[in-house]
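Me: Here is a model to go through. Let's take the helix packing, then the sheet.

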Amino acid sequence: MHEQKGLAERFEAHRAHLRGVAYRMLGSLGEAEDAVQESWFRLSRADTSGVENLGGWLTTVVSRVCMDLLRAREARREEPQGVHLPEPLLDREGGASPEQEALMADSVGLALLVVLDTLGPAERVAFVLHDLFSMPFEEIAPIVGRAPAATRQLASRARRRVQGAAAIPEAELAPQRAAVHAFLAALRAGDLDALLAVLDPDVVLRADSASVPPGVPTDLRGARTAATLALNVSRGAVSARPALVDGAVGIVVAPRGRLLLALRFTLLHGKVVQIDVVAEPASLRELDLGVLDTR
């Protein structure tokens, strides 16, 4: 009994780290907690007398659990939002509340979670373990079932998706970033005049049917018309973040990390001349998303 208590105390010392690893892999605090609990079950049943680095051993175990969950998720292809992102969590005793989920998602970075969920299971695990937690490829390889060189390639491919801005000259990104940040700030403040200031007078807003309420036109022209609609349907603006959308600065709306819609912007002379609003599941899957640095 004393030995089991000591093992539990050693496990608790690693719990926060394991939760962070699992959350970045799974994008759901509830699923991350389940994966961490499963790693405890496996630890309690294993002979760890020869384990010198318990933290490394547990990280490997929780990563394997997450890998299995990601593969099962992919096999089910249960993607009601077009991209599999965390289901809403019910507040439960000892479980994760929506507020906890939101805080965790925001601390990790909503745009990063959205981009990570466009990766395959092996790419996601390799990237998270190496780039976010500095695990050597030689230790990641057995988890993803690849040779170290192939594992390095998985992480590299994932990195190119996550760091999509690297290939875009800053001279092109700067005016896009400025306009989109101004648009988002005006939206969050509910400031019609500030929103009009960033829009071209003849701006065109094109929205798919999933992104606007029934009966609302999906094609609108004119700054005041587009701005009024944007303010009326912007309750999710608190969950909106700038991101790269198809190689340009756009916005993703992802409450608690769950992608609901994306906005693509077309600029001319510093003004927004077209906004494309995407919420259809099939269209979201086709988007090329990337994390935008916060300079």
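Me: How are H2 and H7 oriented to each other?
Reply: This is a predicted model. The axes of H2 (residues 15–26) and H7 (residues 121–132) cross at roughly 140°. Angles over 145 degrees would count as roughly antiparallel, and 65 to 115 as roughly perpendicular. H2 and H7 are therefore oblique.

Me: What is the handedness of the H2 and H7 crossing?
Reply: The two axes come within 9 Å. Their crossing is right-handed.

Me: How many charged residues are in the contact of H2 with H7?
Reply: H2 brings Val21, Tyr23, Arg24, Met25 and Leu26. H7 brings Arg124, Val125, Val128, Leu129 and Leu132. Eight of these residues are nonpolar and none is polar. The charged residues number two.

Me: Which strands are the edge strands of the open sheet?
Reply: The sheet has seven strands, with mixed pairing. Their order is S2-S1-S6-S5-S4-S3-S7. An edge strand here pairs on one side only. That gives S2 (219–221) and S7 (289–290).

Me: Which residue of S7 is the bridge partner of Val245?
Reply: S3 (residues 240–245) pairs with S7 over two bridges. The sense is antiparallel. Across from Val245, the partner in S7 is Leu289.

Me: At about what angle does H10 run to S4?
Reply: H10 (residues 170–189) lies across S1, S3, S4, S5 and S6. Its angle to S4 (248–253) is about 30°.

Me: What angle does the direction of H12 make with that of S1?
Reply: H12 (residues 223–232) also packs on the sheet. It touches S1 and S2. With the direction of S1, H12 makes about 50°.

Note on methods. Residues numbered from 1 in each chain as written. Predicted model: local features only at pLDDT ≥ 70, side-chain atom pairs only at ≥ 80, totals over all residues. Heavy atoms only, no water. Axes fitted to C-alpha atoms, helices over the stretch in contact; angles between N-to-C directions. Helix = DSSP H or I, 4+ residues; strand = E, 2+ residues; numbered from the N terminus. Parallel < 35°, antiparallel > 145°, perpendicular 65-115°, else oblique. Left-handed = near helix turned anticlockwise from the far one by under 90°. Contact = heavy atoms within 4.5 Å. Nonpolar A, V, L, I, M, F, W, Y, C, P; charged D, E, K, R; others polar. Pairing = 2+ DSSP bridges.
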